[in-house]
Structures are given as structure tokens and as C-alpha cells.
Amino acid sequence: MISVDRRPQSSNRQTFEEALARLREGDAAGAAEMLSQALRDAPADIDLLTLLGAAQNACGEHAAALEVLSRALALAPRFERAHEERALALLKLRRPEEAVE
């Protein structure tokens with residue numbers, strides 16, 4: 001089950017909620033597409049970035065997830081959920097040493 005530590009603090013709340021629902025229902029690809037579109041207008045929204053990373057991880061797109069989650073962490077270095085998803089991506093990419101940093 002996908003969990004989220006906080007609610008988005010942006011005008012993209014509805015998109016976030018809809019994408020989260022899709023992800024929970026197993027439509028990770030649909031969630032990723034929705035989030036990618038929303039990020040065109042809000043490229044610095046850490047909540048959308050982090051959820052996109054989670055969706056990409058769920059799709060098996062771990063390299064893409066790592067890139068997106070690194071962007072989120074550059075904006076919010078203490079955001080735990082982004083760290084968790086980044087560690088998952090690194091583990092799936094067989095880079096465990098980096099996952100524990």
C-alpha cells in the first residue's frame with residue numbers, strides 16, 4: 001500500500017489526490033502520466049515530484065524515479081518520504097551502498 005506522510009501544500013492538491021488514488025488502485029502508469037503533466041506547470045512541487053517517483057518505482061522505472069526523487073530532495077532535503085522512495089529506487093538498481101546514505 002502506498003502511504004504519504006503529508007498533504008500537498010499547493011494548488012495541485014486535486015491532481016495529487018487523483019494520482020494517489022490511481023496509484024493505490026494499481027494504475028501506476030496512469031498516475032505517472034497525470035503527475036508528469038501537472039509538473040509542467042509546477043516543476044518545484046515536492047509532493048508531486050515524490051509521488052511521481054513512487055509511481056515510477058511502481059512501474060519499474062527506477063532510474064527515472066531516482067532522477068525525480070533527487071530533484072525533490074534538492075528542494076526539500078529532509079522530506080522523509082522522498083528519501084524512502086529514493087532508497088527503494090537505489091536498491092532496485094542494485095546500488096545498496098547509496099541507499100543507506
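Tutor: One definition to start: the expected span of a helix is 1.5 Å times one less than its number of residues. Now take helix H4, residues 62-75. H4 has 14 residues and reaches 20 Å from its first C-alpha to its last, close to the 20 Å expected. Keep in mind that this is a predicted model.

Student: OK. How many helices and strands are there in the protein?
Tutor: There are 6 helices and 0 strands. From the N terminus on, the order is α-α-α-α-α-α.

Student: And how much of the protein is buried?
Tutor: Buried residues make up 45% of the 101 residues.

Student: Let's zoom in on Leu-73. Why does it count as buried?
Tutor: Leu-73 has a relative accessible area of 11%. The cut-off for buried is under 20%, so Leu-73 counts as buried.

Student: What does Leu-73 touch, beyond residues up to four places away?
Tutor: Phe-79, Ala-82, His-83 and Arg-86. Take His-83 from that list. Leu-73 and His-83 are 10 residues apart in sequence and 7.4 Å apart in space, C-alpha to C-alpha.

Student: Where is His-83?
Tutor: His-83 sits in helix H5, while Leu-73 lies in helix H4.

Student: Is His-83 buried or partly exposed?
Tutor: Partly exposed, with a relative accessible area of 37%.

Student: What else does His-83 touch?
Tutor: Leaving out residues up to four places away in sequence, His-83 touches Leu-73, Pro-77 and Arg-78.

Student: New topic. How do you describe two packed helices?
Tutor: Two packed helices are described by the angle between their axes and the distance between the axes.

Student: How do H3 and H5 cross?
Tutor: Their axes come within 9 Å and cross at roughly 25 degrees. That makes H3 roughly parallel to H5. H3 passes H5 in a left-handed crossing.

Student: Which residues meet there?
Tutor: On the H3 side, Thr-50, Gly-53, Ala-54 and Asn-57. On the H5 side, Arg-81, Ala-82, Glu-85, Leu-88 and Ala-89.

Student: What about H1 and H2?
Tutor: H1 and H2 pack at an angle of about 160 degrees, with their axes 7 Å apart. They are therefore roughly antiparallel to each other. H1 passes H2 in a left-handed crossing. The contact uses Thr-15, Glu-18, Ala-19, Arg-22 and Leu-23 of H1. From H2 come Ala-28, Gly-30, Ala-31, Met-34, Leu-35 and Ala-38.

Student: How far does H2 reach?
Tutor: H2 covers residues 28-41 and has 14 residues. From its first C-alpha to its last, H2 reaches 21 Å, close to the 20 Å expected.

Student: Which residues of H2 are buried?
Tutor: Ala-28, Gly-30, Ala-31, Ala-32, Met-34, Leu-35, Ala-38 and Leu-39. The buried residues of H2 pack against helix H1 (13-24) and helix H3 (46-59).

Student: Which residues touch the most other members in the largest nonpolar core?
Tutor: That core has 31 residues. Ala-19, Leu-23, Leu-35, Leu-48, Leu-51, Leu-52 and Ala-82 touch the most other members. The elements giving two or more residues to this core are H1, H2, H3, H4 and H5.

Student: Pick Leu-48. What is it in contact with?
Tutor: Leaving aside neighbours within four places in sequence, Leu-48 is in contact with Asn-12, Phe-16, Leu-35, Ala-38 and Leu-39.

Student: Where is Asn-12?
Tutor: In the segment before H1.

Student: Is Asn-12 buried or exposed?
Tutor: At 14% relative accessibility, Asn-12 counts as buried.

Student: Last one. What does Asn-12 touch?
Tutor: Not counting residues up to four places away in sequence, Asn-12 touches Ala-38, Ala-42, Asp-45 and Leu-48.

Terms used
Residues numbered from 1 in each chain as written. Predicted model: local features only at pLDDT ≥ 70, side-chain atom pairs only at ≥ 80, totals over all residues. Heavy atoms only, no water. Helix = DSSP H or I, 4+ residues; strand = E, 2+ residues; numbered from the N terminus. Buried < 20%, exposed > 50% of the residue type's maximum accessible area, 1.4 Å probe, protein only. Contact = heavy atoms within 4.5 Å. Core = buried A, V, L, I, M, F, W, Y, C linked by side-chain atoms within 4.5 Å. Axes fitted to C-alpha atoms, helices over the stretch in contact; angles between N-to-C directions. Parallel < 35°, antiparallel > 145°, perpendicular 65-115°, else oblique. Left-handed = near helix turned anticlockwise from the far one by under 90°.
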